[in-house]
Amino acid sequence: QLQASGGGLVQAGGSLRLSCVASGNILPIYARGWYRQAPGKQREMVATITSVGLINYADSVKGRFSISRDARNTVYLQMGSLNPEDTAVYYCNAKTGRGDYWGQGTQVTVSS
């Protein structure tokens with residue numbers, strides 16, 4: 001019920017935009033977000049946006065990434081000034097009245 005897309009291979013300094021479409025009956029949605037997991041590391045929060053528009057970013061991406069959403073429940077993560085440390089599988093998340101939903105993950109690889 002969450003479908004992520006937009007990952008790929010990019011050179012350091014480049015940009016990518018991830019998208020996450022929500023479908024099905026997962027309302028009410030309290031917050032949407034992006035998380036990532038690099039090889040050998042725990043999954044970490046990248047950016048979140050609540051239903052009232054409150055946004056939070058991990059310190060490591062502040063000023064480089066931007067989260068947004070549209071009226072159709074699609075959430076975007078605009079990533080800029082990418083560096084190899086951003087390489088990870090990116091997962092979209094929805095916190096709902098029925099619990100947490102996760103997308104399937106999309107690989108982002110940044111080459112130096």
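A disulfide is a pair of cysteine sulfur atoms within 2.5 Å. Keep that in mind for the first exercise.

A word on the ground rules: this is a predicted model, where local features need pLDDT of at least 70 and side-chain atom pairs count only at pLDDT 80 or more, while totals for chains, interfaces and linings use all residues. Residues are numbered from 1 along each chain as its sequence is written, and side-chain values use heavy atoms, with hydrogens and water left out.

**Exercise 1. Find the disulfide and work out which parts of the chain it ties together.**

Step 1: Search the whole structure, and you'll turn up 1 disulfide.

Step 2: Name the partners. They are C20 and C92, with sulfur atoms 2.2 Å apart.

Step 3: C20 sits in strand β3 and C92 in strand β9 (residues 88-96), so the pair ties together parts that are 72 residues apart in sequence. Strands here are DSSP runs (E, at least two residues), numbered from the N terminus.

Step 4: Check the surroundings. Buried means under 20% relative accessible area, exposed over 50%, and partly exposed in between (1.4 Å probe, protein chains only). C20 has 0% relative accessibility, so C20 counts as buried. C92, at 1%, counts as buried too.

**Exercise 2. Give the strand order of the open sheet with 4 strands, and say which strands stand at its edges.**

Step 1: Two strands pair if DSSP finds at least two bridges between them.

Step 2: Read off the order, which is β1-β3-β8-β7, with antiparallel pairing.

Step 3: Find the edges. β1 (2-5) and β7 (65-69) each have a single partner strand, so one side of each is left without a neighbour in the sheet. From one strand to the next, the twist averages 15°. Axes for this are lines fitted to C-alpha atoms, and angles run from 0 to 180 degrees between N-to-C directions.

Step 4: Go through the pairs. β3 (residues 16-22) and β8 (residues 74-79) are joined by 6 bridges. Across that pair, C20 faces V75, and S19 faces Y76. β7 and β8 share 5 bridges, and S66 has Q78 as its bridge partner in β8.

Step 5: Follow the chain from β7 to β8. They make a hairpin with 4 residues between them, and N73 in the turn has a positive phi of about 70°.

**Exercise 3. Is L77 buried or exposed?**

Step 1: Locate L77, which lies in strand β8. That strand is mostly covered, with 5 of its 6 residues buried.

Step 2: Check L77 itself. Its relative accessible area is 0%, so L77 is buried.

Step 3: Compare sequence with space. L77 and G6 are 71 residues apart along the chain, yet their C-alpha atoms are separated by 9.3 Å.

**Exercise 4. Trace the hairpins from β4 to β6.**

Step 1: Take β4 and β5. They run antiparallel and are joined by 6 bridges, and R36 has E44 as its bridge partner in β5.

Step 2: Look at the turn. There are 6 residues between β4 and β5, and G40 in the turn has a positive phi of about 80°. G40 has a relative accessible area of 89%, so G40 is exposed.

Step 3: Carry on to β6 (residues 55-57), which is joined to β5 by 3 antiparallel bridges. T48 stands opposite N56 there. This hairpin has 4 residues between its strands, and G53 takes a positive phi near 90°.

Step 4: G40 and T50 are 10 residues apart along the chain, and their C-alpha atoms are separated by 29 Å.

**Exercise 5. Describe the lining of the largest pocket.**

Step 1: Know the term. On a 1 Å grid over the protein atoms alone, a pocket is an open set of points where a 1.4 Å probe fits, with protein on both sides within 12 Å along at least five of seven lines; lining residues have an atom within 4 Å of a point.

Step 2: State the volume, about 190 Å³. A volume is the space filled by probe spheres set on the points.

Step 3: Pick out some lining residues, including R36, E44, R64 and D86.

Step 4: Sort the lining into 2 nonpolar, 4 polar and 6 charged residues. Asp, Glu, Lys and Arg count as charged; Ala, Val, Leu, Ile, Met, Phe, Trp, Tyr, Cys and Pro as nonpolar; and the others, Gly among them, as polar.
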